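Visitor: I would like to learn how to read a structure like this one, feature by feature. Please show me the entry and take me through it.

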Amino acid sequence: MFYDFDCTNCNQTVEIEKGMNNPAPDKCPKCGAVGTLERNWGNNKPIATVYKCKGMYDTDSRKVGSR
Ligand SMILES: [Zn+2]
């Protein structure tokens, strides 16, 4: 499986094949800098979905008829 990584040193995107047996790359193949690669999720970045808590104060606060 291929993953995209952004190098913070040379600002290039490198595609690295990373399998289950391969450790995460710590060296940029472009410029050779170490520890500058950050995972680039690209289009695969999951959209942060925010679910509002609805119905918390639903109709639970119905009042009993006052006397
Ligand atoms: Zn680099």
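Predicted model: local features only at pLDDT ≥ 70, side-chain atom pairs only at ≥ 80, totals over all residues.

Visitor: How many helices and strands does the protein have?

Guide: Begin with the secondary structure and its order. This protein has three strands and zero helices, and along the sequence the pattern reads β-β-β.

Visitor: In what order do the three strands lie in the sheet?

Guide: Order in a sheet is read from the pairing of the strands. Here the three strands form an open sheet, ordered β2-β1-β3, with antiparallel pairing. β2 and β3 are the edge strands, each pairing on one side only. On average, neighbouring strands of the sheet are turned by 40° against each other, direction ignored.

Visitor: Over how many bridges do β1 and β2 pair?

Guide: Five bridges join β1 and β2 in the antiparallel sense.

Visitor: What share of the residues counts as buried?

Guide: Burial is read from a count of C-beta neighbours. Of the 67 residues in the protein, 6% are classed as buried. Contacts give another view: among those with a separation of 6 or more, 34% are between residues 24 or more positions apart.

Visitor: Where is lysine 30 placed, and which residues does lysine 30 contact beyond its neighbours in sequence?

Guide: Locate the residue in the chain, then look at its surroundings. Lysine 30 belongs to the loop between β2 (13–17) and β3 (37–40). Setting aside neighbours within four places in sequence, lysine 30 contacts Cys7, Cys10, Gln12 and Val14. Threonine 13 is 17 residues away from lysine 30 in sequence, and their C-alpha atoms are 9.0 Å apart.

Visitor: What is the phi of asparagine 11, and is asparagine 11 buried or exposed?

Guide: Asparagine 11 has a positive phi, near 55°. Asparagine 11 sits in the loop between β1 (2–7) and β2. Asparagine 11 counts as exposed because it has 10 C-beta neighbours inside 10 Å, and the limit for that class is 12 or fewer.

Terms used: Residues numbered from 1 in each chain as written. Helix = DSSP H or I, 4+ residues; strand = E, 2+ residues; numbered from the N terminus. Buried ≥ 20, exposed ≤ 12 C-beta atoms within 10 Å, placed from the backbone. Contact = placed C-beta atoms within 7 Å. Pairing = 2+ DSSP bridges. Axes fitted to C-alpha atoms, helices over the stretch in contact; angles between N-to-C directions.
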